[in-house]
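Here is a walk through one protein model, from the whole chain down to single side chains. Keep the coordinates open as you read.

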Amino acid sequence: MRWLGMVLSFLFGRLNTKPKSFREIALEIFDDVSRRSRKIVSLTLAGLGAVIFFCGGLFISIIDGTTQYDRFGMVNWTATFGAGVTLILFATAVFAVVFLRAWPGATQRHSRIPPHHEAPPPPSALEQALAALVMDFVKERELRREARSQAEPPPSSPDKEPDTTSSAHFH
């Protein structure tokens, strides 16, 4: 019985419900848009955070490395230098996950081979009849053209003298 109710509500839609107000419709649209855009916003913020961590780690590493080089003439692995490199690696990993894996459409493989398209559906009977009529008309014209070209006398050859009696020929 429950299935029957679901099928009937699907078929007849909202015939038995009261019409919604403009405010209710606007709230439904807002909820739908916010639900769909939540992933994009969170991924964008994660990417922005990764960029900030990358820049911070790079600056920490550069400052510590140059300070060590100025004092001792070489760069050693210290906790500060390691923290900067760790921030760089962490930010690079987050950035790679966000934009190479989790971003919508990032997992689609773009190949040089065009996608396989399905064959077009077979033409309808009306299309087939119209195509046959057009092809018949074209074939009939070709046959008339051939018959006309075979019935006409061949053009005069250049070895013969031109006809000087016609009035269309001027010297």
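Buried residues account for 8% of the 171 residues in the protein chain. Keep in mind that this is a predicted model. The chain has four helices and zero strands. Read from the N terminus, its elements run α-α-α-α. Now take the contacts between residues at least 6 apart in sequence: 58% of them join residues at least 24 apart.

Turn to helix H3. It spans residues 79-102, 24 residues in total. From first C-alpha to last, H3 reaches 32 Å, close to the 34 Å expected at 1.5 Å a residue. Which residues of H3 are buried? They are Phe 81, Gly 82, Gly 84, Ile 88, Ala 91 and Val 98. Part of the cover over these buried residues comes from helix H2, residues 22-72.

Next, the aromatic rings. A pair of such rings is described by two quantities, the distance of the centres and the angle of the planes. How many aromatic pairs does a search of the whole structure find? It finds three. One of them joins Phe 53 and Phe 90, with 6.1 Å centre to centre and 80° between the planes. That pair is edge-to-face. Phe 53 sits in helix H2 and Phe 90 in helix H3, so the pair ties together parts that are 37 residues apart in sequence.

The cut-off matters here: edge-to-face needs planes over 60 degrees apart. Both residues lie in helix H3, four residues apart, about one turn of the helix. Phe 95 is partly exposed, with a relative accessible area of 36%. Phe 99 is partly exposed too, at 33%.

A polar atom of the Thr 67 side chain is 2.7 Å from the backbone oxygen of Ile 63. Thr 67 has 30% relative accessibility, so it counts as partly exposed. Buried would require a value under 20%.

Technical notes:
Residues are numbered from 1 along each chain as its sequence is written. This is a predicted model: local features need pLDDT of at least 70, side-chain atom pairs count only at pLDDT 80 or more; totals for chains, interfaces and linings use all residues. Side-chain values use heavy atoms; hydrogens and water are left out. Helices (H or I, at least four residues) and strands (E, at least two) are DSSP runs, numbered from the N terminus. The expected span of a helix is 1.5 Å times one less than its number of residues. Buried means under 20% relative accessible area, exposed over 50%, partly exposed in between (1.4 Å probe, protein chains only). Contact means heavy atoms within 4.5 Å. A polar contact is a pair of N or O atoms within 3.5 Å; within protein, one must be able to donate a hydrogen and the other to accept it, and residues adjacent in sequence count only if both atoms are side-chain atoms. Rings of Phe, Tyr and Trp (its six-membered ring) pair if their centres lie within 6.5 Å; planes under 30 degrees apart count as stacked, over 60 as edge-to-face and the rest as tilted.
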